[in-house]
Amino acid sequence: MIKMLVAVINNTEKVEKILNVLEEGGITSGCIIDGKGMNHSHHIHDEEDKQHVGILRNFLNPERVPSKTLLFVAESEKITFIKNSILDAFKGSKESDLGFIAEFDACNTTLITNK
């Protein structure tokens with residue numbers, strides 16, 4: 001069965017490690033999308049940000065936490081390997097809100113090719 005896996009990774013520093021493990025495991029295709037989550041970054045840049053102008057600027061144009069979205073369409077066994085590889089990259093992490101993984105049955109897939 002063909003499945004689709006969507007993984008939103010909030011710790012973007014882990015993405016390269018994940019991709020290396022996947023490549024070593026024979027996964028050579030997928031899609032990576034740069035994103036920004038809905039969570040706000042609560043980082044105060046300087047003294048101005050602590051004052052009214054900075055607070056207003058952060059309210060009107062909040063800094064968002066960067067993320068990477070990984071998309072894969074593959075056979076069920078490969079999707080299981082991909083999911084486990086992503087989860088293994090975060091084992092032992094003390095961080096929270098690392099991201100999420102969603103799996104879907106791909107009911108209708110068509111390969112786009114010029115062959």
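The crossing of helices H1 and H4 is right-handed, a crossing being right-handed if the near helix is turned clockwise from the far one by less than a right angle, and left-handed if anticlockwise. The structure is a predicted model, in which local features need pLDDT of at least 70 and side-chain atom pairs count only at pLDDT 80 or more, whereas totals for chains, interfaces and linings use all residues. Residues are numbered from 1 along each chain as its sequence is written, and side-chain values use heavy atoms, with hydrogens and water left out.

The axes of H1 and H4 come within 10 Å and cross at roughly 140 degrees, the axes being lines fitted to C-alpha atoms over the stretch in contact and the angles running from 0 to 180 degrees between N-to-C directions. H1 is therefore oblique to H4, given that angles under 35 degrees count as roughly parallel, over 145 as roughly antiparallel, 65 to 115 as roughly perpendicular and the rest as oblique. On the H1 side the contact (heavy atoms within 4.5 Å) is made by Lys17, Ile18, Val21 and Leu22, and on the H4 side by Phe81, Ile82, Ser85, Ile86 and Ala89.

From the N terminus on, the elements run β-α-β-α-α-β-α-β, which comes to 4 helices and 4 strands; helices (H or I, at least four residues) and strands (E, at least two) are DSSP runs numbered from the N terminus. Among contacts between residues at least 6 apart in sequence, 85% join residues at least 24 apart. Of the 115 residues, 23% count as buried, that is, under 20% relative accessible area with a 1.4 Å probe and protein chains only.

Leaving aside its neighbours within four places in sequence, Phe72 is in contact with Lys3, Met4, Leu5, Leu22, Ile27, Ser29, Gly30, Ile79 and Ile82.

Asparagine 11, found in the loop between S1 and H1, is buried, with a relative accessible area of 11%. Leaving aside its neighbours within four places in sequence, asparagine 11 is in contact with Phe90, Glu95 and Leu98.

Definitions and conventions: Buried means under 20% relative accessible area, exposed over 50%, partly exposed in between (1.4 Å probe, protein chains only).
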